[in-house]
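Reader: I am new to this one and would like to go through it step by step. Please show it to me before I ask anything.

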Amino acid sequence: MKPRYHSLLAAALIALPLFSVSATAEPKRGGIINVATVGEPPTLDPMVSTADLVGIVSQHIFETLYTFGKDWAITPLLAEALPDISPDGKVYTIKLRSGIPFHDGGTMTSRDVVASLKRWTENASRGKQTATNIAAIDAVDDLTVKITLKEAYAPLLALLAFNNSAAIILEADNQAVPLAKVVGTGPYALKERKADQYIQLTRFDGYKSRAGEADFYGGARKQYLDEIRFVPVPDPNTRVEGAVAGQFAYIDSLPVESFERLKGGKSTPSVLKSFGWPVFVMNTKEGILSKLEVRQAVQAALDPNDMLLAAFGSKDFYEVDGALYPKGFIWHTEAGTKLYNQANPDKAKALLEKAGYKGEPLVILTSRQYEFHYKMAQVAKAYFEQAGFKVDMQVVDWATLTQRRADPKLWSIYITHSPFLPEPALSSYMSDASPGWWSTPAKHAAIGPFNTAVNAAERVKLFAKVQEAVYAEAPLYKVGNFNALYAQAPNLKGVEPAPWPFFWNASLD
Amino acid sequence: MVGYVLNRLIGMIIVMFIVATVVFVIVRVTPGDPAAVMLGPDATAADIAALREQLGLNRPMLIQYVAFLEQVARGDLGRSIFLDQTVLSALAQRAEPTFFLTVFAMLIACAIALPVGIMAAWKRGTWTDQLVTAVAMLSASIPSFWLGLLFIQFFSVRMGWFPTSGYGGPGESFAGRMQHLVLPAVTLGIISSALITRFTRTSMIEVLSSDYIRTARAKGVGHMKVLLQHALKNALIPILTVIGLTAAVLISGAVVTETVFGLPGVGNLVVSAVLRRDYPVIQGALLIVAGLYVLLNFIIDMLYLVVDPRVRF
């Protein structure tokens with residue numbers, strides 16, 4: 001028996017290096033993937049749109065100066081390194097990487113970057129928001145750009161890193177709006193767009209990746225795949241069947257109730273924990289919710305447990321959590337959350353009485369485009385009526401909702417949702433101008449220091465004050481956290497779970 | 001005859017003008033804003049207003065209307081707000097799947113409906129007739145999205161015979177693209193066959209009870225000859241009408257079926273355009289569709305001349 005053990009051991013020793021070689025082997029280069037998306041993006045210019053779908057597709061074509069690494073840390077992408085920031089936080093000196101080619105053969109210089117950043121400040125929602133604080137954007141030399149601020153503004157880097165309303169870098173002579181040429185510096189270039197059929201991206205052979213390892217959206221971007229095709233499949237049930245049949249390499253945004261069905265199919269379903277948060281935005285500008293007591297009555301009346309259960313069906317897909325960022329984010333804090341999950345109709349009634357509420361309708365604007373919005377609205381309606389509100393629920397399509405919410409006369413609450421954004425300043429409630437129009441001294445007292453603080457640890461502490469202000473003034477009602485469901489083919493490797501999935505570094509077995 | 005055709009042509013122009021006006025007004029009075037959709041959920045009111053100005057949507061409605069009519073008169077349906085192409089090219093790009101879907105669906109519908117309807121009429125009052133009537137009722141009542149999903153689950157997922165959705169990727173062969181149309185065409189064909197079956201049955205029953213059919217039978221003409229040569233020809237007029245109208249409905253975009261199967265056809269384009277409030281595409285597509293309806297009706301009327309020698313203008 002002994003010799004046999006010896007031979008087994010020898011075989012194992014011989015095989016061991018082989019296994020370790022295969023475990024660390026470079027993924028296979030080549031192949032085409034089809035990615036099923038929820039629809040056709042309204043544009044391929046991520047600067048002018050804040051739609052997630054635009055960001056998902058275009059992040060393969062265009063790049064920003066910075067992006068997000070693991071744990072959402074800001075990391076350089078087209079910039080050589082993180083910027084040199086003057087001690088007063090007002091001057092950002094950004095060194096650019098050299099020899100970065102555009103898809104059409106040009107090479108990126110500071111001239112392109114300055115032109116692109118100016119386009120961003122003039123055309124992108126987030127850019128315009130930042131522009132009020134920008135004194136100048138200058139080219140110092142061919143590979144250095146300087147941004148001078150009027151006062152310190154800590155969210156600047158996050159805004160420059162984000163992939164929607166994005167500060168993408170375009171060639172200086174390609175700055176028209178709408179965009180004339182879909183030409184960026186990204187790892188994949190647009191080959192063909194057949195609206196409602198596919199968007200075909202092919203590997204950009206001239207791509208200059210960062211050195212080193214991949215780091216979530218940052219670090220090295222390897223182009224293993226020959227092509228990425230984004231295929232719109234607007235019907236959610238058809239996306240599910242496509243996943244079960246194995247027709248796509250990756251299927252985005254699947255209805256959570258299809259999880260069990262997906263398990264038996266040819267694609268592997270995965271849950272992206274704490275993907276986002278549904279929110280009831282309150283109209284603080286006009287109507288009954290302009291009174292703080294009435295907003296507090298809304299806060300007191302609702303039971304998020306029932307709303308989330310109705311919306312997502314199983315605790316596997318949601319979490320009852322009042323914190324504006326869930327655990328795992330550096331921004332997570334429990335400050336102020338004692339006002340969450342009250343489900344106290346008596347308190348709500350008392351607050352309404354105190355506010356002198358006389359039965360004016362509480363207009364809830366919602367859409368069935370996102371079925372979970374509608375389900376939450378139905379449960380909320382019951383709780384509101386229990387508390388003494390007269391509810392007028394208006395169910396409209398999404399385009400109508402986005403138009404009506406711009407008019408403060410038309411609504412009291414509108415329902416929306418958002419992924420957890422890497423930087424709080426990216427959230428719409430932080431802006432006084434976004435529908436809801438929350439703009440009070442208490443808000444500014446909390447957000448002002450948060451935006452101007454340069455020290456990262458200090459900003460984390462200051463965010464607790466922001467969250468406290470949100471709960472004290474109730475400009476919104478965060479319902480909870482929800483998970484996203486997606487599926488991918490078993491032979492698709494290297495896709496990191498992310499709210500805006502990306503396919504550089506992905507490969508096929 | 002010439003006078004009749006000229007009258008019809010003038011009528012068609014008037015109808016198209018009315019359609020253009022109605023579509024323009026409906027699209028504009030419907031709430032929703034293409035600028036808000038394009039800019040995404042976090043866009044500010046100022047951004048939306050700026051884009052509206054850029055797109056010319058803030059001009060007085062009358063000025064927009066006159067500009068639209070001028071454009072249409074030049075044969076220009078405008079440019080899509082979202083697709084970075086003209087409305088005509090967007091429609092042309094989507095014409096292929098819709099056209100072939102319509103043709104296949106109509107062939108399937110007629111292949112089912114004509115023999116079944118004729119048989120039901122022939123066996124009037126028997127269990128065969130009752131069965132045909134019941135199945136036709138059932139087919140007409142089935143929602144196309146449900147039947148489509150059922151077919152996807154069985155033929156695509158379980159059997160793996162057909163793709164679940166789409167119209168093929170870049171470089172897909174004609175045969176490959178047609179393969180994507182099989183399930184939607186069968187879905188539509190079955191549903192459309194219900195109406196044609198019922199019209200065929202009714203029309204045939206009416207004709208079969210005519211004196212000339214009784215005379216033909218009395219003269220000893222064979223069953224098949226009576227059915228196919230004597231009865232069917234005269235029963236064809238209402239059947240042709242319903243086939244034409246069904247084809248018109250399908251060619252204008254089998255909206256639900258195209259959406260379920262992710263087919264980039266005219267119906268899908270219209271749905272996307274409505275959801276996005278892509279005004280030029282909605283207007284252009286509806287104008288073309290209305291034009292096709294008018295044209296098909298005209299063709300059907302002309303066909304009456306061929307089928308029914310009694311019809312003279």
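**Surface, fold and salt bridges**

Reader: Is Val306(B) buried or exposed?

Author: This is a predicted model, and Val306(B) is found in helix H13 of chain B. Its relative accessible area is 65%. A residue needs over 50% to count as exposed, so Val306(B) is exposed.

Reader: Which helix gives the most to the nonpolar patch?

Author: The patch lies on the surface and includes Leu88(B), Ile288(B) and Val306(B), with about 550 Å² of accessible area together for its members. One helix, spanning residues 279-307 of chain B, supplies 6 residues. The helix that gives the most is H13.

Reader: How far apart do the C-alpha centres of the two domains of chain B lie?

Author: Domain 1 of chain B covers 2-91, and domain 2 covers 95-264. The C-alpha trace of the chain spans about 80 × 60 × 35 Å along its principal axes. Between the C-alpha centres of domain 1 and domain 2 the distance is 35 Å.

Reader: What is the mean pLDDT of chain B?

Author: Where pLDDT is low, predicted coordinates should not be read in detail. In chain B, 97% of the residues reach 70 or more. The mean for chain B is 85.

Reader: Which residue forms a salt bridge with Arg177(B)?

Author: Side chains of opposite charge can pair when their charged atoms come close. Here the closest N and O atoms are 2.7 Å apart, and the partner of Arg177(B) is Glu96(B). Arg177(B) lies in helix H8 and the partner in helix H5 of chain B, so the pair ties together parts that are 81 residues apart in sequence.

Reader: Arg201(B) forms a salt bridge with Asp129(B); is Asp129(B) buried or partly exposed?

Author: The closest N and O atoms of this pair are 2.6 Å apart. The pair links distant parts of the chain, with Arg201(B) in helix H8 and Asp129(B) in helix H6 of chain B, 72 residues apart. Arg201(B) is partly exposed at 22%. Asp129(B) has 4% relative accessibility, and because buried means under 20%, Asp129(B) counts as buried.

Methods. Residues numbered from 1 in each chain as written. Chains lettered and ligands numbered in written order. Heavy atoms only, no water. Patch = residues over 30% accessible without salt bridge, like charges linked within 9 Å, V, L, I, M, F, W, Y side chains within 5 Å. Areas by Shrake-Rupley, 256 points an atom, 1.4 Å probe, with all protein chains shown as cover. Salt bridge = Lys/Arg side-chain N within 4 Å of Asp/Glu carboxyl O. Helix = DSSP H or I, 4+ residues; strand = E, 2+ residues; numbered from the N terminus. Buried < 20%, exposed > 50% of the residue type's maximum accessible area, 1.4 Å probe, protein only. pLDDT = per-residue confidence, 0-100. Domains from an automatic or database assignment.
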